[in-house]
Amino acid sequence: MEREKLIQAALEARTHSYSPYSHFQVGAALLTKEGKIYQGCNIENAAYTPSVCAERNAFFKAVYEGERNFAAIAIAGSPEGPCKAYAAPCGVCRQVMMEFCDPKEFCIITAKSTEEYREYSLEELLPMGFGPKDLEG
Ligand code: THU
């Protein structure tokens with residue numbers, strides 16, 4: 001099943017996390033409308049601010065490859081060890097989603113495992129989001 005596969009990909013991506021400062025490991029798996037999956041993990045930095053979240057890592061990899069149409073993202077994040085929390089995407093990542101995704105359609109899955117997950121639309125997590133359409137006259 002597509003949702004299980006996406007969550008599994010997020011859990012696998014979490015094992016790539018470089019998070020020696022927060023010890024909070026996050027993986028993300030971004031699904032294109034054509035069915036391709038792009039994975040990302042959080043990558044931290046000794047200077048702190050250059051750190052990037054798993055979700056943006058996945059988006060930027062996909063956008064670099066020419067992808068523009070996205071259906072869903074699965075996120076798996078918690079302190080080191082088994083994934084025990086429902087990690088919520090940060091505000092900056094929600095804004096990046098707003099750039100490329102329809103807020104009513106784009107599905108955000110936050111998961112502990114393939115059995116334990118929660119699903120939201122981007123609109124639910126970013127009400128009245130500002131996006132490319134707002135710049136049109
Ligand atoms: N982080 C993510 O990668 N995604 C989220 O959804 C929440 C936070 C990262 C940023 C930082 O490396 C660590 O988790 C702790 O905030």
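Modeller: First, the term: a residue is near a molecule if one of its heavy atoms lies within 4 Å of it. Keep in mind that this is a predicted model.

Colleague: Fine. Which residues are around the ligand?

Modeller: They are Ser-22, Phe-24, Val-26, Asn-42, Glu-44, Cys-53, Ala-54, Glu-55, Ala-88, Pro-89 and Cys-90.

Colleague: And by class, what does the shell around the ligand have?

Modeller: Seven residues are nonpolar, two are polar and two are charged.

Colleague: What lies 2.5 Å from an oxygen atom of the ligand?

Modeller: That is a polar side-chain atom of Glu-55. From the backbone, a polar atom of Ala-54 is 2.9 Å from a ligand oxygen, and an N or O atom of Ala-88 is 3.1 Å from a ligand oxygen.

Colleague: How much of the ligand does the protein bury?

Modeller: The protein buries 77% of the 370 Å² that the ligand exposes when taken alone.

Colleague: Which elements give two or more residues to that shell?

Modeller: Strand 1 (24-32) and helix 2 (54-64) do.

Colleague: Switching to helix packing. How do the axes of helix 2 and helix 3 cross?

Modeller: At roughly 25 degrees, coming within 9 Å; helix 3 covers residues 91-100. Angles under 35 degrees count as roughly parallel, so helix 2 and helix 3 are roughly parallel to each other.

Technical notes
Residues numbered from 1 in each chain as written. Predicted model: local features only at pLDDT ≥ 70, side-chain atom pairs only at ≥ 80, totals over all residues. Heavy atoms only, no water. Polar contact = N/O pair within 3.5 Å; in protein donor to acceptor, adjacent residues only side chain to side chain. Areas by Shrake-Rupley, 256 points an atom, 1.4 Å probe, with all protein chains shown as cover. Helix = DSSP H or I, 4+ residues; strand = E, 2+ residues; numbered from the N terminus. Nonpolar A, V, L, I, M, F, W, Y, C, P; charged D, E, K, R; others polar. Axes fitted to C-alpha atoms, helices over the stretch in contact; angles between N-to-C directions. Parallel < 35°, antiparallel > 145°, perpendicular 65-115°, else oblique.
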